[in-house]
Structure formats: structure tokens, C-alpha cells
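Work through the exercises below with the sequence and the 3D structure at hand. Try each task before reading its solution.

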Amino acid sequence: MPNINVLVDLCMVPIGTGSPSVSDFVTMIENKIRQSPFKTSLHSFGTTIEGPWDEVMSFIGELHEYAHEQGYVRCHTEIRLGTRTDKNQTAQDKVNTVEAKLLKLNEK
């Protein structure tokens with residue numbers, strides 16, 4: 001089992017619902033995510049989840065089980081993930097770094 005922290009960018013959508021809107025589904029899943037012990041951040045195309053590799057991956061499986069229990073027959077999930085070993089870094093740290101560099105760049 002990997003013993004490493006991970007940042008996962010998760011985008012989970014139902015397939016075959018008969019509607020182009022997925023906001024009800026996203027709201028249901030996001031509510032479940034917010035009940036988890038993980039640090040998370042919602043954005044316009046998904047949610048970033050931070051935590052130990054095995055726990056986060058297991059939780060993604062639990063989200064699929066939950067969606068199926070709610071009557072969604074088919075769910076599609078895309079994930080992007082990142083790890084690093086040189087330092088601990090949160091999703092907010094990454095945003096802050098870029099924002100600081102943008103400020104510095106625009107001071108010139």
C-alpha cells in the first residue's frame with residue numbers, strides 16, 4: 001500500500017440521465033465529500049481532495065457506491081492526481097504560489 005499523500009482533482013458525472021444538467025448529482029456528491037474527513041475544495045469542474053493515497057482512492061470508490069445506491073446506474077469519473085516527496089503542499093499552497101508570482105510579475 002502506498003504511504004504517500006495525494007492531491008486528487010475529481011470530476012464525477014452520471015451518464016444516461018436524460019438531462020444535460022448534472023447539478024443535482026454534483027450537489028449530492030459534493031455534500032457527501034464535505035462529510036468526509038478530507039480537506040477539499042470545490043471548483044467549476046470538480047473537487048480537489050487531499051489526503052493519504054489509499055484513503056482517498058478508497059473514498060472515491062465509496063462515492064461510486066453511494067451514487068449507485070441513489071439510483072444512478074452509470075457514473076463516469078475523471079481524476080488527475082499529483083504527489084511530491086520534497087515537501088508537504090496543499091492545493092491552496094499551489095494556488096498561493098501562482099498568485100504571488102502573478103503579483104510579482106505585474107509589479108514590473
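The exercises go from the overall layout to the sheet and then to the helices. This is a predicted model, in which local features need pLDDT of at least 70 and side-chain atom pairs count only at pLDDT 80 or more, while totals for chains, interfaces and linings use all residues. Residues are numbered from 1 along each chain as its sequence is written, and side-chain values use heavy atoms, with hydrogens and water left out.

**Exercise 1.** State how many helices and strands the protein has, and in which pattern they follow each other.

Solution. Step 1: take helices (H or I, at least four residues) and strands (E, at least two) as DSSP runs, numbered from the N terminus. Step 2: count them; there are three helices and four strands. Step 3: read along the sequence, which gives β-α-β-β-α-β-α. Step 4: turn to the record; an unreviewed UniProt entry lists residues 8-99 as "domain: Thiamine-binding protein", in the numbering used here, with a shortened feature name and an annotation that may be inferred rather than shown by experiment. Over residues 8-99 the chain is 41% helix and 29% strand.

**Exercise 2.** Find the order of the strands in the sheet and name its edge strands.

Solution. Step 1: two strands pair if DSSP finds at least two bridges between them. Step 2: start with β2 (residues 39-43) and β3 (residues 46-52), which pair in the antiparallel sense over five bridges. S41 has T48 in β3 as its bridge partner, and two residues lie between the strands of this hairpin. Step 3: go on to β1 (residues 5-14), which is joined to β3 by six bridges, also antiparallel; L7 has E50 as its bridge partner in β3. The edge strands are β2 and β4 (75-82), each pairing on one side only.

**Exercise 3.** Describe how helix α1 packs against helix α2.

Solution. Step 2: α1 (residues 23-34) and α2 (residues 53-69) pack at about 135 degrees, with axes 11 Å apart. That angle makes α1 oblique to α2 (under 35 degrees is roughly parallel, over 145 roughly antiparallel, 65 to 115 roughly perpendicular and the rest oblique). Step 3: list the contacts (heavy atoms within 4.5 Å); F25, M28, I29, K32 and I33 in α1 meet F59, L63, Y66 and A67 in α2. Step 4: sort them by class, which gives eight nonpolar, no polar and one charged residues (Ala, Val, Leu, Ile, Met, Phe, Trp, Tyr, Cys and Pro count as nonpolar, Asp, Glu, Lys and Arg as charged, and the others, Gly among them, as polar).

Technical notes. Axes are lines fitted to C-alpha atoms, for helices over the stretch in contact, and angles run from 0 to 180 degrees between N-to-C directions.
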